[in-house]
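The structure is shown first.

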Amino acid sequence: MLLCVFKIVVIPGPDITFDVSNIYQGWYEVLRTGTYPLDDITWQYPPAAAFAILSPGLLPFLGYATAFFLLAFLCDALVFGLLLHTGRRAGRSSRGAWLWLAGVPLLGPTSYARYDVMVTAVAVAGLLAAGRSPRVLGALAGFGAVLKVWPALLLAGTPKGRATFRSWSTAVGAAAAVLAFCVAWMPGALAFLGFQRDRGTEVESLGSMVFHVVRHFGWEGEAKMNYGSIEFLGPYVSTVSTAALVLTVAAFGWLLVWRMRAVRFASSTVADAAFVTVLLFTTTSRVLSPQYMLWLVGLAAVCLAYRSSRMRKPAHLVLWATAVTQFEFPVWFSHVTRSDPLGVAVLFTRNGLLIAATVIACRILWRHTVTEPRLAEAGKIPAQATRPEREKALSGSR
């Protein structure tokens, strides 16, 4: 991976290290002056992202891009080390470590050329700590939420009761503390909200598949750079963007129903639910950037670190989707933006794999935590049993 980002091994397609050496470094110079990039619409990240952008300053004896790539490498190694260490414990498996080891290079140099590997390291550390300390999970999820929002979704599957209260309250406290620090630290900490709100349908998202097809039948829109990424602009784009938002709301509605009905919370449920939640969030988003796959690979790896997890099939589908993503971007990205047959084929393959992984993962989570325990309960407890007998059966005293 370092050979790729240092261009000793050159990957075909656009230079993905440009974001680090120009955009990130430009933000770095602005942040050093004591303000967030208020006039740059491409700054669409929560305020704690400034920590990641400023982190190469920890290695002042290196150039900005070089320091950033080395820090990304260290975060990659940290995730692998955590997964490998966890895999040696009772009831765990080293499969998660090997999934991560495969997934990062399958995504290509994008893995090291975005700060998402740092965010994923925070998320993986939080999930792996969930079984022993809900408060550590909450603290890291709260910090991650102010770093890049999506780590807040790690809390979707915490066991009902004390564990949920501890992790959620700690997450709120940690997020509030970090946010307050950022607001007091520099002006413009919340400017990202307006920039993010105005984003459209990115050419790689699920919704974009409509326009990749209809532009061959006379659609008058176009794909062009907008708010820092290639988006579709033209008739009906706002309608598709709204539909994507509706799908996201529906997905979270399903998650709420699942949480209300879930009965069994096994050792892997927190990781499984986090994986499902981020899958839903990613596939229904109007923006599906290549680096999002790194989130999914990290969460899939945590799932496979638990022998009790049943997420092997969707985890492998995510791994295949990650491999296809490197061809979608950067290798054949020009074909994707032109919506030619090759570009449409690779994009539909990647998104199809993600849809399949999402549907299968949702079914597995529901069956493992809702259907099976309810059926087992119904089989063990006769309908005519008295209340004390039912309580004894539920407590396992029979």
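At 27% relative accessibility, Arg264 counts as partly exposed; here buried means under 20% relative accessible area, exposed over 50%, and partly exposed in between (1.4 Å probe, protein chains only). The model is predicted: local features need pLDDT of at least 70, side-chain atom pairs count only at pLDDT 80 or more, and totals for chains, interfaces and linings use all residues. Residues are numbered from 1 along each chain as its sequence is written, and side-chain values use heavy atoms, with hydrogens and water left out.

Side chains of opposite charge can pair when their charged atoms come close. A search of the whole structure finds eight salt bridges, a salt bridge being a side-chain nitrogen of Lys or Arg within 4 Å of a carboxyl oxygen of Asp or Glu. The table lists some of them.

| Arg | Glu | N to O distance |
|---|---|---|
| Arg264 | Glu372 | 3.5 Å |
| Arg310 | Glu372 | 2.8 Å |
| Arg350 | Glu328 | 3.4 Å |

The side chains of Arg264 and Glu372 form one of these salt bridges. This pair links distant parts of the chain, 108 residues apart: Arg264 is in the loop between helix H11 (237–261) and helix H12 (269–283), while Glu372 is in helix H16 (residues 341–380). Helices (H or I, at least four residues) are DSSP runs, numbered from the N terminus, as are strands (E, at least two). Glu372 has 25% relative accessibility and counts as partly exposed.

Glu372 also meets Arg310 in a salt bridge. Arg310 lies in the loop between helix H13 (292–304) and helix H14 (312–331) and Glu372 in helix H16, so this pair ties together parts that are 62 residues apart in sequence. Arg310 is partly exposed, its relative accessible area being 35%.

A separate site is Phe181, placed in helix H8 (residues 162–185). With 46% relative accessibility, Phe181 counts as partly exposed. Phe181 and Leu127 are 54 residues apart in sequence, and their C-alpha atoms are 25 Å apart in space.
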